[in-house]
Amino acid sequence: MSLHPSDDTAAAMEAAGLVPGQSPVPLRLPDPGRLFQARAGRLRQLAPGNPLEDWMGFVACLSDAQHLVAAQPARADSPEQQWRHDLAALLQELAGRLPQTAEAARAALAGSSAAEQEALAGRIIGGQLEAADMIHAPFVMAALQLAWSRHAASLTPGSIAATATARACPVCGSAPVAGVIHSGGEVEGQRHLHCGLCHTAWHHVRATCVSCGDAKDLSYQSIDGQEGGAQAETCDGCRSYLKLLVEKKALGLDPIADDLASLALDILVSEENYQRIGINPFLLMGE
Ligand SMILES: [Zn+2]
Ligand SMILES: [Zn+2]
């Protein structure tokens, strides 16, 4: 497997990325009633034959449970309080549906104290996970996603300050999982960065490095023979890269699912000493 410069995308990037007369949509807020179900379907579509097949199947089960819990009314006013309600409901939905090891982790987490759960959530948000956390972290991450997505969905786009060069989510402050070049409708040709916690997407000008703002040292790389899938936007100015997903070439994409499915690209790009911008909330735990 080797890297391949994506000429067609590089050429497309030179275009402004906007249909004449159209202004960018600064923000797209999530729909928790649909997004987890769509993710579960996308994971199951992409998993067969993927090196992460089993892990993607597990995340699909989590997404199924998230979808069921998202339909339940919120019980608290803030994501900081709501997430533990969502965790309890998630763990209940998943009871008896998981393989043995995951079921043991689920049961142990369900029996842990509020203080232990809060401490684990703090380590996830702070990026300070310990080895012993890995088995419980995906459940807590799934609950945090639920609570933060509920929060984001309750906002009005006009009340959120977003700039076209923001490198962190304007709602929750997380780094992006990936960028998506949209196809069709009011967002045709625009790039939005996607948050892996609250699922807000925010517009970011194309063909500029999300980390340092540089435009001249960017290149686009994909895996040889897989030019239709994910690409890495690499910056030689600051040696960082962003995963880029092109909707036209990957209909029905989900940033978290498609990012998981293209781990091989991350491995190749990191071997060339580029540092990833942001993390996949489920990739960190799957390694
Ligand atoms: Zn966010
Ligand atoms: Zn840069």
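Colleague: Which residues coordinate the zinc ion (ligand 1)?
Modeller: C169, C172, C195 and C198 do, each through SG, at 2.3 Å. Donors here are N, O and S atoms within 2.8 Å of the metal (3.2 Å for Na, K and Ca), with water not among the atoms. This is a predicted model, where local features need pLDDT of at least 70 and side-chain atom pairs pLDDT 80 or more, while totals for chains, interfaces and linings use all residues. Side-chain values use heavy atoms without hydrogens or water, residues are numbered from 1 along each chain as written, and chains are lettered from A and ligands numbered from 1 in written order.

Colleague: What geometry does the zinc site have?
Modeller: Tetrahedral, with angles of 95 to 120 degrees among the four donor atoms; the label needs all angles between 85 and 135 degrees.

Colleague: And what spacing do the donors follow along the chain?
Modeller: The pattern is C-x2-C-x22-C-x2-C.

Colleague: Are C169 and C172 buried or exposed?
Modeller: Both C169 and C172 are buried, meaning under 20% relative accessible area (1.4 Å probe, protein chains only).

Colleague: Switching to β7, how many of its residues are buried?
Modeller: Five of five, over residues 231-235. Strands are DSSP E runs of at least two residues. Q231, E233 and C235 lie on one side of β7, with A232 and T234 on the other.

Colleague: Which strands does β7 pair with?
Modeller: β6 (residues 218-223) joins β7 by four bridges, antiparallel. β8 (residues 240-246) joins β7 by five, also antiparallel. Pairing takes at least two DSSP bridges.

Colleague: What are the bridge partners of T234?
Modeller: S219 pairs with T234, and in β8 the partner of T234 is Y241.

Colleague: Which residue takes a positive phi in the hairpin of β7 and β8?
Modeller: R239, near 60 degrees; the hairpin has four residues between the strands.

Key:
Tetrahedral: all angles 85-135°; square planar, octahedral: opposite > 155°, others 65-115°. Buried < 20%, exposed > 50% of the residue type's maximum accessible area, 1.4 Å probe, protein only.
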